[in-house]
Structure formats: C-alpha cells, structure tokens
Amino acid sequence: MDVALDTFTGTQLPTDCYGLLTDAVALGRIIRIMSKTSRRVVFGVLLIVTLVVSAGGALGYLGRLTLVFDRHPGKPLAIVEEVPGPPDGPNCPIDARYFDEDPRGLRPEVLKAWLALRAKASEQGVKLCLNDGKRSRQQQQAEFDEAVKKFGTEELASKYVLNPPDRSMHVIGFAVDVQPIESAKWVEKNGNSLGWCRRYENEQWHFEYNAGYPTGGCPALIPSATGS
C-alpha cells in the first residue's frame with residue numbers, strides 16, 4: 001500500500017511503546033493507513049505489552065517480584081529466607097509465659113513432621129507449645145538485636161541467636177522452639193523417631209528436623225548456636 005509523504009505532516013511519531021500508546025494523534029494516523037488485518041495484529045501486540053507492563057508494575061509495587069516459583073504445579077517455592085513466620089500467637093495454655101504460634105511458614109515436610117509430633121505428644125497427654133518457629137531474615141535480625149540489648153554484647157547474644165540471619169535453621173524453616181521446658185524434655189526423649197532432635201546444650205527448647213534422624217540418630221549436642 002502506498003502512503004503519501006505528507007500523511008504524517010506536522011507529527012513526529014514517537015519511537016517508544018509508551019509514546020505510541022499515549023500520543024492519540026500519531027496513533028490515529030497509523031491506524032488509518034493500516035489494513036483491517038494489520039490493525040488486529042497491532043492492537044493485539046499493544047494489548048499484550050500494556051498488560052505485561054501493568055502486571056509488572058503492580059507486582060513490583062507489592063514487592064512480589066522477589067518471589068521465585070517452582071514449576072511443579074501446586075508447589076510454590078518462595079524465597080524461603082524471606083517468608084515471615086507469625087511474630088507471636090495465643091498464650092501457651094499450660095504456661096502463659098510462652099506463645100503457641102501457628103506453624104505456617106515451615107517447609108511442607110517440616111510442618112507435616114511437626115503435626116505428627118504434636119499428635120504423638122497429645123496421645124500421651126503432653127501439650128507442645130510452639131513458642132517460635134519460622135522466621136524471616138528480618139525477624140532473625142530483630143531477634144539478634146533484642147538479644148544484644150538483653151545480654152549487653154554481640155558476642156554473648158550470638159550464643160543464643162545466630163547472626164547473620166541466613167545461618168539460622170529458623171530462617172530456612174527447619175527449626176522449632178518448644179515450650180514449656182517439661183514439654184521440650186518430652187520431645188528430646190521421644191522426637192527422634194519422627195525426625196526431631198535437640199541441637200544445642202544451652203537451648204533445651206530448640207529442635208531441628210531432619211528426615212535422616214529416625215534412622216541415623218541424633219547428632220551430638222554442640223555447646224551453642226555458634227558452636228562455642
């Protein structure tokens with residue numbers, strides 16, 4: 001199709017997609033010179049571009065572009081270290097000094113093992129309170145900062161709260177803190193068969209899940225989270 005050179009007189013066509021979408025005069029002139037089929041193709045391309053840009057902007061605004069998803073259907077795998085756990089929960093019914101958090105945020109296999117552990121404890125008349133479970137990097141850092149205030153130095157705080165955050169099994173979703181201590185003692189005695197082992201000498205309440213523990217046994221306790 002031939003187009004007269006003066007068709008675009010007085011209009012400098014935009015060179016970017018956004019300009020084409022927003023410059024009504026230029027867009028109108030382009031449309032008039034197109035065949036019906038060409039118009040459909042261009043409209044389709046422009047619609048796709050608009051939807052992609054809009055969706056990207058919305059997700060970026062919500063901060064969700066930081067998530068990575070597994071391609072297996074039904075198994076979204078966010079960046080685990082960024083997934084926050086509940087900051088608290090209802091009071092533990094057998095000792096109000098502690099919380100009993102919702103276990104959301106734990107990895108699926110860990111959550112399943114935790115629920116199995118609670119069920120086994122309940123059968124024996126023991127109540128397990130989840131005082132602390134999944135944490136994000138930010139929550140772990142806040143825990144460490146609070147420990148520094150409590151103990152006075154980062155060195156002492158590091159005996160109870162790991163820093164940097166990525167070193168913590170709470171952050172990667174494999175650890176739980178069980179309270180009260182009598183309940184934690186029950187887990188230490190009975191949890192191995194379900195994959196739960198106490199890990200630190202100075203934390204009776206801290207347990208970590210590993211699918212190999214039932215057959216391989218619990219590893220030897222280490223003095224503290226830092227190993228010292």
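User: Which elements do the buried residues of H4 pack against?

Analyst: Happy to start there! The buried residues of H4 pack against E3, strand E4 (175-179), helix H7 (181-190), E5 and strand E6 (203-209). Helices (H or I, at least four residues) and strands (E, at least two) are DSSP runs, numbered from the N terminus. This is a predicted model, where local features need pLDDT of at least 70 and side-chain atom pairs count only at pLDDT 80 or more, while totals for chains, interfaces and linings use all residues. Residues are numbered from 1 along each chain as its sequence is written, and side-chain values use heavy atoms, with hydrogens and water left out.

User: Which residues of H4 are buried, and what makes them line one face of the helix?

Analyst: Val 110, Ala 113, Trp 114, Leu 117 and Ala 121 are the buried ones in H4 (buried is under 20% relative accessible area, exposed is over 50%, partly exposed is in between, with a 1.4 Å probe and protein chains only). Looking down the axis of H4, these buried residues fall within an arc of 105°, and therefore they line one face; the arc is taken over the directions from the helix axis to the C-beta atoms. On the face of H4 turned away from that buried side sit the exposed residues Pro 108, Lys 112, Ser 122 and Glu 123.

User: How do you know that the span of helix H4 agrees with its 16 residues?

Analyst: Helix H4 (residues 108-123) should span 22 Å at 1.5 Å a residue, and its end C-alpha atoms are 23 Å apart, so the two agree. The expected span is 1.5 Å times one less than the number of residues. Just after H4, Gly 125 takes a positive phi of about 75°.

User: What makes the buried residues of H5 line one face of the helix?

Analyst: The buried residues of H5 are Gln 140, Phe 144 and Ala 147. Seen down the axis of H5, they stay within an arc of 60°, which means they line one face. They pack against helix H6 (154-157), while the face of H5 turned away from them carries the exposed residues Glu 146 and Lys 149. Helix H5 (residues 137-151) reaches 21 Å from its first C-alpha to its last, close to the 21 Å expected for its 15 residues. Just after H5, Gly 152 has a positive phi of about 100°.

User: What makes Cys 92 and Cys 129 a disulfide, and why is it right-handed?

Analyst: Their sulfur atoms are 2.1 Å apart, and a disulfide is a pair of cysteine sulfur atoms within 2.5 Å, so the pair qualifies. The torsion about the S-S bond is about 75°, so this disulfide is right-handed. The pair links distant parts of the chain, with Cys 92 in strand E1 (residues 91-92) and Cys 129 in strand E3 (residues 129-132), 37 residues apart. Both cysteines are buried.

User: Why is Cys 197 called buried, and why is Cys 218 called partly exposed?

Analyst: Cys 197 has 1% relative accessibility, so it counts as buried. Cys 218, at 38%, therefore counts as partly exposed. A disulfide joins the two, with an S to S distance of 1.9 Å, and the link is left-handed, with -80° about the S-S bond. This pair also links distant parts of the chain: Cys 197 is in strand E5 (residues 196-200) and Cys 218 in the segment after helix H8 (213-216), 21 residues apart. The count comes to two disulfides, and their pattern is 1-2, 3-4, with bonded cysteines counted along the chain.

User: Which residues have the most contacts inside the largest nonpolar core?

Analyst: They are Trp 114, Leu 128, Val 176, Val 178, Val 187 and Trp 196, in a core of 18 residues. The elements giving two or more residues to this core are H4, E4, H7 and E6, and H4 gives the most, with five. A nonpolar core is a set of buried Ala, Val, Leu, Ile, Met, Phe, Trp, Tyr and Cys residues joined through side-chain atoms within 4.5 Å.

User: Why does Tyr 209 count as buried, and which residues does Tyr 209 touch?

Analyst: Tyr 209 is in strand E6 and has 15% relative accessibility, so it counts as buried. Leaving aside residues up to four places away in sequence, Tyr 209 touches Glu 109, Val 110, Ala 113, Phe 174, Leu 194, Gly 195 and Trp 196 (contact means heavy atoms within 4.5 Å). The C-alpha atoms of Tyr 209 and Leu 111 are separated by 9.6 Å, although the two residues are 98 residues apart along the chain.
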